[in-house]
Amino acid sequence: MRRWSRLYAESFTIRLKAMAQYRFDTWLGLGSNLAWRVFRLAFIAVIFSFVAQLGGWSAWEVALMWGISFLGQDLSHLLFAFALHADDYFYYGGLDYAKVRPAPLLLWASVELAQPDHLLTISFYAAVTVLAMVNTGVFASPLAVLLILVALVASILVRTGMTLVTYCSVAWFSRARSVAHGISALNEHTKYPLDALPVPLQIFMTALPFAFTGFYPVAFALRPADHWMPGALSLPVGVLTAAVGFVILRLALRKYQSVGSVDV
Amino acid sequence: MAFAAASWRQSVGRYSAVSRAYVRVGLALRFEFLVGLGATLLNTWILVSIWSVIRSGSSDVQAAFDAPDMATYMVVAGVVNFARMGHASRRVIYRSLRQVSTGQIAVELVRPVNMQLLRYAEWLGVFLVDALLVAVPTWLIFRLAGVVDDPSSGMSVALFALSIGLAWLVLAGLHFIVNAITLMSISGSGVTMARVAIQEFFGGALIPLALMPGALRVVADLLPFQAITSTPTLVYMDRLEGPELVRAFGVQVIWAIALFAIGMVVWRLLVRRVQIQGG
Amino acid sequence: MGDAAIQVENLTKTYRVERRRPGRLSWVRSLVAPMYEEIRGVDRLSLAIDHGEVLGLLGPNGAGKSTAVKLLTGVLFPTEGRVRVLGRDPFHDRIANAQDIGVLFGQRSHLLHDLPAVDSFGLLRHLYGTSQSDYDARLTELTDLPQLEPLLNQPVRTLSLGQRMRCEVAATFLHQPRIVYLDEPTIGLDIEAKRRIREFILSVSRSLGTTVLLTTHDLNDVQELCERVVVLNQGSAVFDGLLGDLIDLHASSRAVEVDAPGDVIEMIVQDVSRRWPEALVTRDGSRVRASGIGDQGAIVDATRLIMAHVGVRSISVVEPPIEDVILSVYQHGVRGS
Ligand SMILES: Nc1ncnc2c1ncn2[C@@H]1O[C@H](COP(=O)(O)OP(=O)(O)O)[C@@H](O)[C@H]1O
Ligand SMILES: [Mg+2]
């Protein structure tokens with residue numbers, strides 16, 4: 001644990017040094033990464049300028065679902081950055097070096113990839129989440145706060161597992177890359193309360209299981225009595241998804257073929 | 001004079017050969033396009049559903065769109081949502097971004113062609129495949145499901161086609177500028193994500209511009225994105241007539257030319273300071 | 001031989017490669033049932049490397065050198081056969097094995113592009129858990145070597161390929177690994193840069209007493225670094241023995257090239273043809289090239305004979321390309337010990 005925090009810290013410092021060298025790029029990157037998140041949030045604001053509720057949920061409640069879902073995503077991308085790039089590693093043979101390092105692959109490759117810019121976007125999601133918690137009265141109940149924390153953990157686990165599964169399947173089918181990108185294109189729709197969608201889409205979002213990154217666990221925290229069922233399963237679903245992801249990663253490493261020559 | 005005409009014909013031939021080559025590149029990626037079709041279908045379906053829920057709860061929205069119109073708008077906007085083009089065409093565009101960061105661009109810079117026209121030609125090729133394999137099937141499926149209305153006349157179809165052509169020129173201009181900006185930077189994906197989000201938000205793919213709250217509407221009108229998505233969608237639905245229609249086309253033409261010119265200038269400035277990465 | 005540092009038995013790796021089906025609508029079928037073909041990257045390879053040995057793995061492009069290195073380092077899972085590195089299975093005991101080895105993949109980089117190499121070194125130090133004092137000592141040793149120091153503090157992307165490669169080699173040795181694998185460390189370098197890299201590798205591995213496995217398609221690399229070589233062709237070892245034996249084997253395909261004024265050339269051509277009637281002598285202006293002279297001794301005699309002429313501007317012994325060496329290995333049907 002100590003060794004890993006040192007490694008993360010070291011890697012971060014190095015990245016920051018690199019960012020300091022490319023100042024234009026750094027600002028451009030930070031600015032645009034923040035910008036697109038702001039505009040996704042702005043869409044929620046516009047929706048609620050027409051209606052007071054969406055599928056029975058208020059603006060701040062939806063904001064909380066969105067915040068948890070994406071806070072979990074960016075934390076997962078920060079801590080397990082490798083998962084998100086696993087397809088590139090398999091496809092371009094980038095695992096060669098990662099595999100000759102004396103460290104668990106997922107952790108080391110993630111250390112290497114850790115991007116300090118995520119700290120900014122994480123702060124943004126965290127700010128939205130805390131504001132939403134204030135406005136939905138979560139802080140009034142310790143149980144609700146606890147359930148929100150559980151929701152966040154579930155969200156990180158589900159996200160990491162999903163990313164590992166989708167991007168590691170490249171080891172079997174190189175075409176899984178495009179499926180992975182296709183699925184991630186639907187990612188932003190996790191922000192709508194499931195109740196506002198037609199049943200087939202509800203089933204789809206539950207099965208994928210995007211709905212467990214935000215909607216189910218947060219609904220459970222906000223209205224445990226009405227939404228206990230899938231909500232209470234969020235953490236187990238998270239653990240299961242992450243475990244499946246990890247197994248897929250292990251199997252994929254066995255399948256790993258590297259490449260015959262390096263693409264530049 | 002004769003020489004100019006001949007060389008002009010020669011270069012048209014050259015660029016159309018590039019476009020044709022990229023049609024083949026696109027067709028080779030048809031699996032990726034099929035995935036793109038799936039993603040576009042789901043994406044559009046979700047937006048149609050969400051707006052139907054919003055509409056049922058808001059008299060403002062009801063005043064602006066009746067139920068079939070609302071659905072038609074979201075489907076057509078989803079189909080012409082160039083921001084969210086099929087996976088394969090995005091891949092080609094990302095590839096041109098990647099070339100910058102890997103230094104491969106050096107290989108391209110020594111070719112005897114105009115980079116700007118070359119890129120336009122490449123994107124035109126994949127765009128045509130995108131239209132064929134993603135846009136048209138999406139429309140057809142929603143049409144068969146009875147969600148989207150047909151255009152009212154042959155005239156509407158012709159005008160729609162024209163506005164799509166112009167929208168494509170605006171889009172290519174935009175891509176080229178983003179491409180040029182990444183020449184100065186080492187990574188393009190954040191910029192691209194931002195472009196997609198802003199383009200969808202202000203272009204009318206998520207919110208019909210008629211429903212945009214006051215200040216945002218003003219901003220949207222000043223930006224080129226509405227010329228890409230909103231205008232073709234409204235033309236399809238016959239929502240623009242007479243002077244409004246002429247004005248909308250005029251705006252598209254102006255943006256197409258302006259972005260091309262800006263792209264040319266930006267490119268000239270940047271090529272000088274292109275820093276080839278690696279050796 | 002006792003207990004070798006690296007022991008490889010009957011090692012095979014087959015790659016599965018997707019093939020496009022011919023025909024118009026074949027892609028539809030490829031979606032459901034893709035067609036695969038198997039390629040043998042390494043084919044029943046057996047070899048042993050002793051502690052402290054510097055072994056050259058020689059072979060043309062596509063011979064399976066990189067595949068072999070990836071199998072020995074635990075990157076790839078072997079299809080068949082067995083690998084033992086310091087008594088461990090490098091795939092299943094990956095982490096423990098990785099601690100003891102250093103690897104350089106000539107086509108890749110393990111340095112961060114945008115920063116000076118020392119920054120990458122620092123991160124690697126933490127990763128391998130090297131203590132600060134060990135690290136400093138090693139770095140002093142390494143920077144003592146010709147002209148490395150100034151390169152370390154310059155962003156990697158501004159280094160030439162040869163300079164970068166020296167930093168890559170240094171990074172490979174930094175944690176004092178017991179075994180080092182160098183996969184084509186001289187790839188893409190010019191003659192001078194190659195020479196420098198070889199010197200660098202030689203002095204580092206000597207001073208640390210490292211076991212080294214070096215792959216290359218350039219015969220000159222092994223001549224300066226290795227006593228023993230294994231020649232790989234199409235995944236199998238076609239020669240395993242002393243470099244001297246290999247050189248004798250193909251000595252007849254070495255050529256002597258001379259540059260001299262026209263009249264001197266005339267005399268040289270006559271002398272050489274008279275003494276070695278079977279030699280192939282070709283003349284091109286002021287240059288002459290003689291091949292097929294004979295073994296090492298004959299080559300030495302020939303150079304002496306030529307140098308005896310006044311006015312010779314330059315003389316060099318040209319190594320045959322690796323393909324010719326392999327050909328002669330096959331022709332002679334000889335296998336080393
Ligand atoms: N990742 C891979 N997938 C498929 N085939 C490969 C892969 N890597 C290598 N090969 C094939 O295996 C053979 C040996 O390759 P390699 O080990 O890279 O040779 P070398 O390093 O000696 O040039 C070649 O025929 C090559 O095409
Ligand atoms: Mg190789």
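Chain A and chain C are linked by 3 salt bridges in this predicted model. One of them joins the side chains of Asp96(A) and Arg108(C), with an N to O distance of 3.5 Å.

Helix H1 (2-21), helix H5 (95-98), helix H6 (105-113) and helix H13 (234-255) of chain A each give two or more residues to the side that touches chain C. Of these, H1(A) gives the most, with 10 residues. Sorted by class, the residues on this side of chain A comprise 18 nonpolar, 9 polar and 11 charged.

In terms of extent, 38 residues of chain A are in contact with 38 residues of chain C. The two chains bury about 3,500 Å² between them, and carbon and sulfur atoms give 55% of that area. On the chain A side, the residues that lose the most area to chain C are Tyr97(A), Pro102(A) and Gln257(A), which together account for 20% of what that side buries.

Chain A also meets chain B, and this second interface can be described in the same terms. Here 45 residues of chain B are in contact with 36 residues of chain A. About 3,700 Å² is buried between chain B and chain A, with 75% of it on carbon and sulfur atoms.

For charged pairs, the count between chain B and chain A is 1 salt bridge. The partners are Arg40(A) and Glu200(B), whose side chains come together at 3.0 Å, N to O. Polar contacts between chain B and chain A number 2 residue pairs, again with both residues at pLDDT 80 or more.

Several helices build the face that chain B turns towards chain A. At least two residues each are supplied by helix H2 (30-57), helix H3 (59-64), helix H5 (87-102), helix H8 (154-184) and helix H9 (189-203) of chain B. The most come from H2(B), which gives 15 residues to the side of chain B that touches chain A. The make-up of that side by class is 28 nonpolar, 12 polar and 5 charged residues.

Technical notes. Residues are numbered from 1 along each chain as its sequence is written. Chains are lettered from A and ligands numbered from 1 in the order in which they are written. This is a predicted model: local features need pLDDT of at least 70, side-chain atom pairs count only at pLDDT 80 or more; totals for chains, interfaces and linings use all residues. Side-chain values use heavy atoms; hydrogens and water are left out. Contact means heavy atoms within 4.5 Å. Buried area is the accessible area (1.4 Å probe) that two parts lose on being put together, summed over both. A salt bridge is a side-chain nitrogen of Lys or Arg within 4 Å of a carboxyl oxygen of Asp or Glu. A polar contact is a pair of N or O atoms within 3.5 Å; within protein, one must be able to donate a hydrogen and the other to accept it, and residues adjacent in sequence count only if both atoms are side-chain atoms. Helices (H or I, at least four residues) and strands (E, at least two) are DSSP runs, numbered from the N terminus. Ala, Val, Leu, Ile, Met, Phe, Trp, Tyr, Cys and Pro count as nonpolar, Asp, Glu, Lys and Arg as charged, and the others, Gly among them, as polar.
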